[in-house]
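Okay, everyone, let's get the model up on the screen. I'll keep this short.

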Amino acid sequence: MLRSYVGSSGRAVGLRQPRLAKPLYCSTRLEFLRRAASTVTSLDSFPNIGEKIQGFTVQEKKHVPELHLTAVRLKHDRTDADYLHVAREDKNNVFGIGFKTNPPDATGVPHILEHTTLCGSEKYPIRDPFFKMLPRSLSNFMNAFTSSDHTTYPFATTNQQDFQNLLSVYLDATLHPLLKEEDFRQEGWRLGPEDPRALLASDGPAEGSRQPDDVVFKGVVYNEMKGQMSDANYLYYIRFKENIFPAINNSGGDPEYITDLTHQQLVDFSKRNYHPSNAKIVTYGDMPLEGHLKQIGAVLDGFEKGMADTDVKTPLDLSQGPVNITVSGPVDTFAPEDKQFKTSTSWYMGNSTDVVETFSVGILSSLLLDGYGSPMYRALIESGLGSSFTPNTGLDSSAKIPIFSVGLNGVSEAEVPAVKAAIQEVFEESLATGFSDEKVQGFLHQLELALRHKTSNFGIGVMEKTISTWFNGTDPMKELSWNEVVDEFKSRYSQGGYLESLMHKYLMNDHSLTFTMAGSPTFNKELDEKEMIRKDKKMAQLIEQHGSAEQAIAKLQEEELQLLKIQEDAHNADLSCLPSLKVKDISREKERKQVRESKVDDVDVVWREAPTNGLTYFQALNVFKDLPDDLRLLMPLFNDCVMRLGTANRSMEQWEDLIKLKTGGVSSSSFHISSPTEVGQFSEGLQFSGYALDKNIPEMLDILSALITETDFTGPSAPGMIQELLRLTTNGALDAVAGTGHRYAVNAAAANLSRSFWVQEQQAGLAQLQATANLLRDAESSPERLQELIEKLRVIQSFAISKASSLRVRFVCEASSASQNESVLQKWLVGLPRSSLPTPSSSSPFQANALSDRFFYDLPYKVYYSGLAMQTVPFVDPSSARLSVLSQLLTHNYLHPEIREKGGAYGASASNGPIKGIFTLSSYRDPNPLNTLKVFSNSGVFARDRAWSERELDEAKLGIFQALDAPMSVDEEGSRYFMSGVTHEMDQRWREQVLDVTAKDVNEVAQKFLVESSRQAICILGERKEWTDSDGWDVRKLSMNPTEASPEPADMAATA
């Protein structure tokens, strides 16, 4: 999996949360009082510095009370492998091993190696032990990441035997990989016939049928990166990184250069870099350190000391003044033709090994960028200069030299220079006026709450952050000593002018790089032409080697059929060498998270009382019955307005300051929940949530109700801000779709099955994106239409929250805080308005599209996203559990081998939505959607006719329980019952039904729901080809241009 760090550092537009990867603050005295004599974290339970244990020597150990953990740093005696153990009272144990992998070129060798490393090892000589382990484990996290200069292999599980199983597989995979040439061809790249199955169907190619046009570039990573390059945000970010960091090539690989990589180069790179001496190892959790060291040390002891890659790359030298670089990129069809430029300017901010200063410039970055009231947002976006921040905006401290960037999407060519000028003007004004202490204290308060907040994936976060900075010279023990860092920051800050001095030191100069991407309407066509030239060049070499084009193609076809046979043989291989948990290891009893219910002034309240570190979590649902369709489309915009427009007595900047000082965040969002007892029944409405220290809950509730009921839609600035929000949503919308295109495809297909799914598509699917584009077009072209829009938003505001039977509330808090919270809630409810929905203007039953159940969205992607959806049964139906088992079996035993391994797609899966009553098949970054549809079509017969073994059934059930029994963050406890009405007893019954599913059950549901189903719909996203002109495809397009766009959402299906 490629990790580009795009968007991974909190660089979202709008009300941004502070970046929390750096040290967090809380009261040292409070934590001292709370410190318990835990045997897991007691310093005395670990060897002293200098002592040896299982072939390792302890280098350093430290207790970090504010994080309730103890860190122990060790070094392997024989190989010098670095090891960090983080002991904490957390049953979700984590392992990660990382290797320094500076890419020598843009062929993507680190990325392709990440894939092929997991395709078989000496101890586990089967194909794809990584994917084969997915259904043989109860892990709640299992992955591999290629970052810019290192590659990491992490997993997390609560089961000790599972931990040992996965540790064995991961260590052997990374340190003893087989790296077979056929795996390189499958995962990396190859030339071959587009549809090799056609050769099998015809018993080989007919003479004269061998045409160069039938040959294409293939490979999982090759297609993955073609998909990445279709994402304009990713493309901008990676081109920016290539130019500001020329010493580090594109680790993911550029399709233009991937085809230069050879298998031998891959093997050599692995031998050079995947060695214990070049590794960083992290373990986390409550399992004993000595057991980990014994198992890991036994593997490492098989190596001699090797060479570690200690070369920490540095960015471009900017000391001689400004550098300006412009490249071309794709156009955004959701942006005006004259606003197709993206531009940013970047400065260096010290050295990330100085953790205090890096933390400090992180605060500085947040002060400049976070929230609608931030100076950069006002100067760049609110001013209309651009539509949204570029993906590199913010502080990137993942490398040794932190880089601070600010940039804009949706800029006209003439105004590109004005962006940098506006940024520098903000610097000058901020330096002249200084930073508000209230804002700084607000960020520190946010960090304190984030530290108190109990998350289920804390260990994964520790592992990822530690390994990333460790490779670039940062001391991981200092990274974990959060209070020490924040206390030092507070000491420097208290002396006055500290943040301003950092701004003067790093930003008040022109030692910068301005990077611009110009949208070109011929960009995608040029990519196709370059690919054709590369293919022709490769074919010319093969023709010279084999004597003729026909002989060259025959050889490629022969190799493709050989690979197919290897893949088929692997599918039927003996997997007994792989370790596995057993279904008997799964408890039949679901862990009960006790909730209680009460009424407060006739409002239903669900209480979950649990240890929360002094925090209270609040959630309220206001259910809307018979919501008018025109207002439903505006719900997402209304939620954005609530967090943007401000009120008559406070600007949004003032509200943001108050939110940071008093809460951990508040939000307003739409919800759509299906009934667990009846297919097609659903509820919808608005939900409001937030969390705060117990003492601040009254203020938090007042903030929520004020924002919802008092947002000023009539002020002079409201029309401009609403258009600004519409631009924020539409700009880059196609990139957002590309990130999860398979989900958009599935939802668009499902919208043709029932009114429930149609409503979901209106609020959160492609229909919502097109509706938003239409609203923006109308608002910009007609003041009257804009005013009509504002009036509808005010109508929503009139019933958004009210003290009525439709309102329900959930609290998660300490038992000792419940009584106080009940009193606070009672007072708050008294102040809420009493209102009801307007009557819908029209009413008619939902009707599916009678003309087609096959939908194609013409989008500028180089790969495809496919989704097939069918309606099934409610959660309480016994078939629901059987369908979930079927989805696991199809994913691992049919779709993955057929669509990913043979077809070259990045991913493919089947999924059962038990609550929604929907079964789906999907593919992701898929080069051959027509073949995928054939596989989808055959899925039912395959599952019906297969004699499923007990092992396959057990693996499917283990796959389900990975998610079912995964650790849960405390704020989520009680949410499932509150939102959906699924009781503990319903969940317990479903759990037992899953455990009891038989092979016969699977065969029967496959026949009933996949083979016999008459209610199916298909949707594909991607570049339109000739085949969409036949077979009844309903072709649609997303665009700002009304002549290109799909019909208005209300025309897509009858409304009620």
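I'll go through confidence, then a helix pair, then one aspartate.

So, this is a predicted model, where local features need pLDDT of at least 70, side-chain atom pairs count only at pLDDT 80 or more, and totals for chains, interfaces and linings use all residues. Residues are numbered from 1 along each chain as its sequence is written, and side-chain values use heavy atoms, with hydrogens and water left out.

Mean pLDDT, the predictor's confidence in each residue from 0 to 100, is 91 for the chain, and 93% of its residues reach 70 or more. Over residues 4-37, though, the pLDDT is below 50. Residues 1048-1056 also stay under 50.

Now the helices, which are DSSP runs of H or I, at least four residues, numbered from the N terminus. How do α29 and α30 pack? Helix α29 (residues 755-764) and helix α30 (residues 766-781) pack at about 45 degrees, axes 5 Å apart; axes are lines fitted to C-alpha atoms over the stretch in contact, with angles from 0 to 180 degrees between N-to-C directions. That makes α29 oblique to α30, oblique being whatever is left after under 35 degrees (roughly parallel), over 145 (roughly antiparallel) and 65 to 115 (roughly perpendicular). On the α29 side, the contact (heavy atoms within 4.5 Å) is made by Glu-761, Gln-762, Gln-763 and Ala-764, and on the α30 side by Leu-766, Ala-767 and Gln-768.

Last stop: Asp-254, in the loop between α8 (232-244) and α9 (255-258). Buried or exposed? Asp-254 is buried, at 7% relative accessible area (buried is under 20%, exposed over 50%, partly exposed in between, with a 1.4 Å probe and protein chains only). Leaving aside neighbours within four places in sequence, Asp-254 touches Ala-106, Met-229 and Arg-239.

Note on methods: Helix = DSSP H or I, 4+ residues; strand = E, 2+ residues; numbered from the N terminus.
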